[in-house]
Amino acid sequence: MILFLLRRFVTMLVTLLIISALVFLIIKLPPGDFLTNQIAELRAQGEADAAAKAEFLIKQYGLDKPVWQQYLVWLGAMPGQNGFSGLLQGDWGWSFEYDRPVTEVVGDSLWLTLVVNIAVVIFIHLISIPIAIYSATRQYSVGDYIATFIGYIGLATPSFLLALILLYYFNRWFGISIGGLFDARFAGQPWTWAKIQSLLAHLIVPTLVIGLAGTAAMIRRMRANLLDELGKQYYVTAKAKGLAPSRALLKYPFRMSLNPFIADIGNLLPHLVSGSVLVSLVLSLPTVGPILLSALKSQDQFLAGFILMFVAVLTVLGMLVSDLLLAWLDPRIRMGGGR
Amino acid sequence: MTEVVPLKGHYVNKEPFDPGATEPAGNESESFYRASSWRLMWWKFRRHKVAVAAAAILLAFYLLIPFVEVIAPYNQTKRNGDFIYAPPQPVHLMHEGRFVGPFVYPYKFSFDLENFQRVYTTDTSKPEPIRFFCRGDYYEFWGLVTWNVHLFCPPQNGTLFLLGTDRLGRDMFSRIVYGARISLTIGIVGIAVSFTLGLLFGGLAGYLGGWVDHVIQRMIEILRSLPELPLWLALSAALPANWSPILVFFGITIILGLLDWPGLARAVRSKLLSLREEDFVRAAELMGASKGRIIARHLIPNFMSHLIASATLAIPSMILGETALSFLGLGLRPPVTSWGVLLNEAQNLAAVQLHPWLLFPIVPVVIVVLAFNFMGDGLRDAADPYH
């Protein structure tokens with residue numbers, strides 16, 4: 001088990017390293033950067049002093065160095081202007097657009113992103129497991145068809161539009177204002193019970209919208225897995241010997257069908273994070289999504305790079321958790337020490 | 001001809017032996033055993049009624065693409081300044097209990113000065129019949145000839161806004177029809193990119209094995225663990241702002257395809273690995289077939305059906321991806337009309353509340369995505385006709 005953990009952990013670190021290189025490459029792709037654009041603008045306005053300051057910043061962040069050196073400085077593997085100070089040392093860089101450290105700009109939105117994504121994962125499991133059991137045990141019933149139909153709709157509707165429409169109708173029918181993650185009066189307030197309640201109420205629509213597509217996929221896969229297991233002889237024998245139907249179902253086929261289900265979290269997570277970024281933009285949730293979009297548009301490279309990295313770490317960590325769960329559930333993986 | 005002498009203690013039937021006599025092969029099973037695998041797949045696919053219906057719908061959609069200019073009653077850029085945010089005009093058949101043929105009632109426009117809203121009232125006194133095969137806006141057909149014949153046009157001096165108009169008074173129905181051209185091709189072009197990459201990398205990994213396989217496998221794992229949308233965002237933000245709309249279109253499709261190939265590559269690799277061990281490949285090798293012949297004649301046809309099925313299932317995510325990117329303003333840009341670009345204008349709550357018809361482009365998106373999913377499911381079931 002320890003060997004398995006170790007191997008999995010090393011793989012994760014290597015993956016993250018490659019991802020960081022990819023991320024840096026991508027944010028460096030567009031010609032120019034925030035500072036060069038700013039300098040050009042300032043020169044055009046004839047503000048030589050400000051342009052000089054921007055040029056100082058370029059020196060400061062080593063933006064005149066070759067790209068690979070910039071990458072190493074950003075990562076913290078090479079001494080920059082302030083010595084070894086990069087992602088590895090916990091220094092997330094400077095946002096040029098806000099003229100503040102990235103830490104301050106992203107602030108609360110990091111863990112709010114986490115909250116939204118965890119809520120969605122819990123939602124998907126709570127909803128899809130019972131529905132999948134229902135439609136697998138009552139195959140081709142009306143309920144099964146309804147579940148399948150809703151699943152297909154969830155798969156085919158662009159989530160952002162669903163968000164927009166739900167936003168409107170929830171507001172109209174239930175009087176919940178849904179923009180953001182809590183009422184405006186709580187902005188900047190310390191965390192109280194009322195604020196948490198407000199947060200929970202505001203989480204409903206985003207969770208529903210982000211989770212719908214994932215739920216649809218989960219139900220489909222889980223139903224197929226369970227149907228495979230239900231046709232097997234051990235289940236027939238268990239029933240023939242007089243085991244109560246619910247016990248016969250939950251003790252054996254259900255556990256068997258859970259395996260691929262947990263393995264699938266790894267496939268699901270990237271889609272969830274994508275969905276949460278998109279839906280956050282429409283619902284103006286204070287997650288990293290809207291900040292990422294504006295950072296990408298203004299080429300605020302350290303901010304965009306950090307958020308992309310954060311999102312990637314989130315998925316990779318999630319996949320690690322799903323792998324560990326799988327190893328815990330399935331001795332074949334645990335004992336094999338890998339795949 | 002010598003008489004068959006029965007051996008002692010053994011019974012031998014004296015009748016002449018006819019292998020077909022004991023188990024007469026019916027016409028049906030005879031044709032089943034002789035049919036090629038593609039034919040078998042077609043038979044199996046045909047039994048999947050929903051998939052066939054979905055395929056028919058898609059075929060209809062794609063056949064319309066070359067003729068969008070003829071089908072749309074207006075040009076996509078035609079502005080009807082007097083009819084801004086006009087609601088849809090329903091088509092009627094009966095007027096005062098009398099059959100008139102398809103017609104619409106004209107709009108009366110007034111401005112509500114209290115709420116600052118445009119108010120359109122229908123004037124049900126005189127029906128205005130829709131004209132068919134008539135002359136309307138001029139357009140360049142296939143960039144070759146200038147023409148003005150439309151399948152159907154608004155009534156003489158009247159209007160025909162089947163799905164209402166947008167903020168510039170442009171007919172939504174016409175714009176959706178024009179948008180189909182881009183939205184439907186983007187999936188196909190994107191899948192072509194991803195198919196090529198998937199076939200190449202999956203083929204290399206499965207065929208060469210060894211360290212190449214290892215490197216490609218890791219590459220696939222890393223790409224699959226990245227959330228797609230933030231990467232799409234970052235890549236499309238990297239497209240130069242001074243590119244022409246057509247270049248942006250190709251840029252976006254390549255971005256969509258670039259991140260999609262790992263799934264296909266993985267399928268190709270595992271299929272190649274399992275097929276390599278099959279008896280028929282061994283047989284072909286023993287008979288002296290060259291490697292190229294084995295790959296081209298035996299391996300590729302065997303997994304092509306699977307690949308086509310998985311590619312079909314990957315198209316919807318590309319169409320949705322384009323829609324999402326354009327919706328965020330990072331995808332295609334206005335002179336190009338796609339369903340995503342149209343939805344970009346329905347971004348605010350005012351659209352949902354006051355002009356819900358602006359959300360209509362969602363309907364073709366859902367239909368096409370569902371159709372691709374159903375057809376892909378049918379294809380996947382049919383891809384293995386021997387089960």
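User: Let's start with a strand. Which residue of strand 5 of chain B stands opposite V104(B)?

Analyst: First, keep in mind that this is a predicted model. Now the general idea: strands of a sheet pair through backbone hydrogen bonds, either parallel or antiparallel. In this case, V104(B) faces E128(B) in strand 5 of chain B. Two bridges connect strand 2 (residues 98-104) of chain B with strand 5 of chain B, and the pair runs antiparallel.

User: What is the order of the strands in that open sheet of chain B?

Analyst: The order is 1-2-5, three strands with antiparallel pairing. At the edges you'll find strand 1 (92-95) and strand 5 (128-129) of chain B, each with a single partner strand, so one side of each has no neighbour in the sheet.

User: How many bridges hold strand 1 and strand 2 of chain B together, and how many residues lie between them?

Analyst: Three bridges, in the antiparallel sense.

User: What do strand 3 and strand 4 of chain B form?

Analyst: A hairpin, with four residues between the strands. In its turn, F116(B) has a positive phi of about 50°. Strand 3 of chain B pairs with strand 4 (residues 117-122) of chain B over six bridges, in the antiparallel sense.

User: Does strand 3 of chain B lie in the open or is it buried?

Analyst: Count its buried residues: none of the six residues of strand 3 (residues 107-112) of chain B is buried, so the strand lies largely in the open.

User: Now a helix. Which residues of helix 4 of chain A are buried?

Analyst: For a helix, list the buried residues and then look down the axis to see where they point. In helix 4 (residues 67-75) of chain A they are Y71(A), V73(A) and W74(A). Down the axis, these buried residues fall within an arc of 165°, so they line one face of the helix. What they pack against is helix 1 (2-28) and helix 15 (301-329) of chain A. After helix 4 of chain A comes G76(A), with a positive phi near 95°.

User: How many buried residues does helix 10 of chain A have?

Analyst: Zero among its eight residues, so to speak a hardly covered helix. Helix 10 of chain A is followed by G242(A), where phi is positive, near 95°.

User: Where is confidence highest and lowest in chain A?

Analyst: Here you compare the mean value for each element. Helix 10 (residues 233-240) of chain A has the highest, at 84, and helix 16 (residues 331-336) of chain A the lowest, at a mean of 63. For chain A as a whole, the mean pLDDT is 76, with 85% of its residues at 70 or more.

User: How many helices and strands does chain A have, and how much of the chain counts as buried?

Analyst: Chain A has 16 helices and two strands. Of its 339 residues, 37% count as buried. Contacts tell you about the fold too: among those in chain A with a separation of 6 or more, 67% are between residues 24 or more positions apart.

User: Why is L272(B) called buried?

Analyst: You count the C-beta atoms around it, and 20 or more within 10 Å is the cut-off. L272(B) has 21 others within 10 Å, so it is buried. You'll find L272(B) in helix 10 (residues 261-276) of chain B. Leaving out residues up to four places away in sequence, L272(B) touches G203(B), G206(B), Y207(B) and L299(B).

User: How many residues does each chain bring to the contact between chain A and chain B?

Analyst: Chain B brings 30 residues and chain A brings 36. On the side of chain B, helix 8 of chain B gives the largest share, eight residues. By class, that side has 25 nonpolar, four polar and one charged residues.

User: Which residues of chain A does A234(B) contact?

Analyst: Setting aside neighbours within four places in sequence, A234(B) is in contact with I26(A), I27(A), L296(A), A304(A) and L308(A). A234(B) is also among the residues that touch the most other members of the largest nonpolar core, which has 160 residues.

Definitions and conventions:
Residues numbered from 1 in each chain as written. Chains lettered and ligands numbered in written order. Predicted model: local features only at pLDDT ≥ 70, side-chain atom pairs only at ≥ 80, totals over all residues. Core = buried A, V, L, I, M, F, W, Y, C linked by C-beta atoms within 7 Å. Buried ≥ 20, exposed ≤ 12 C-beta atoms within 10 Å, placed from the backbone. Contact = placed C-beta atoms within 7 Å. Pairing = 2+ DSSP bridges. Nonpolar A, V, L, I, M, F, W, Y, C, P; charged D, E, K, R; others polar. pLDDT = per-residue confidence, 0-100. Arc of directions from axis to C-beta.
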